[in-house]
Amino acid sequence: MPINLREKKPGQRACDVKDEKGKLCLGHLKRWYTPDEAVAKELGPKAVVYRCERCHTLYRAAPTDDSTAGERFELRPVNILGAFVRKK
Ligand SMILES: [Zn+2]
């Protein structure tokens with residue numbers, strides 16, 4: 001199943017998916033710490049993935065995106081790798 005993945009623009013905090021009527025979703029993009037296996041396989045276990053809290057569209061951070069650099073996400077004890085090490 002192909003993964004519907006959008007690229008999060010630098011600094012983007014809101015979902016820009018449009019519905020059938022052309023209305024923007026504008027849901028808040030939240031860091032997704034527990035990507036499912038398909039996503040982790042596609043992007044690699046260290047991928048930074050965001051998910052819209054309204055429509056659940058997935059976003060990959062653009063390489064130049066440092067908008068969350070001040071939030072210390074990288075120091076959180078959530079280990080995406082660990083989840084996969086266990087399954088091997
Ligand atoms: Zn959305």
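The model is predicted, with local features requiring pLDDT of at least 70, side-chain atom pairs counted only at pLDDT 80 or more, and totals for chains, interfaces and linings using all residues. Residues are numbered from 1 along each chain as its sequence is written. The chain holds 2 helices and 4 strands, where helices (H or I, at least four residues) and strands (E, at least two) are DSSP runs numbered from the N terminus, and the elements follow one another from the N terminus as β-β-α-β-β-α.

- The 4 strands make an open sheet of mixed pairing in the order 1-4-3-2, two strands being paired if DSSP finds at least two bridges between them.
- Strand 1 (5-8) and strand 2 (29-31) are at the edges with a single partner strand each, so one side of each lacks a neighbour in the sheet.

**Pairings**
- Strand 1 runs parallel to strand 4 (residues 58-61), joined by 4 bridges, and E7 is found opposite R60 of strand 4.
- Strand 2 pairs with strand 3 in the antiparallel sense over 3 bridges, with R31 opposite Y50 in strand 3.
- Strand 3 and strand 4 are likewise antiparallel over 3 bridges, R51 having L58 as its bridge partner.
- These two strands form a hairpin with 5 residues between them, and H56 in the turn has a positive phi of about 65 degrees.

**Burial**
- Of the chain's 88 residues, 12% count as buried, that is, with 20 or more other C-beta atoms (placed from the backbone) within 10 Å of their own.
- Strand 3 (residues 49-52) is covered on both faces, with V49 and R51 buried on one side and Y50 and C52 buried on the other.
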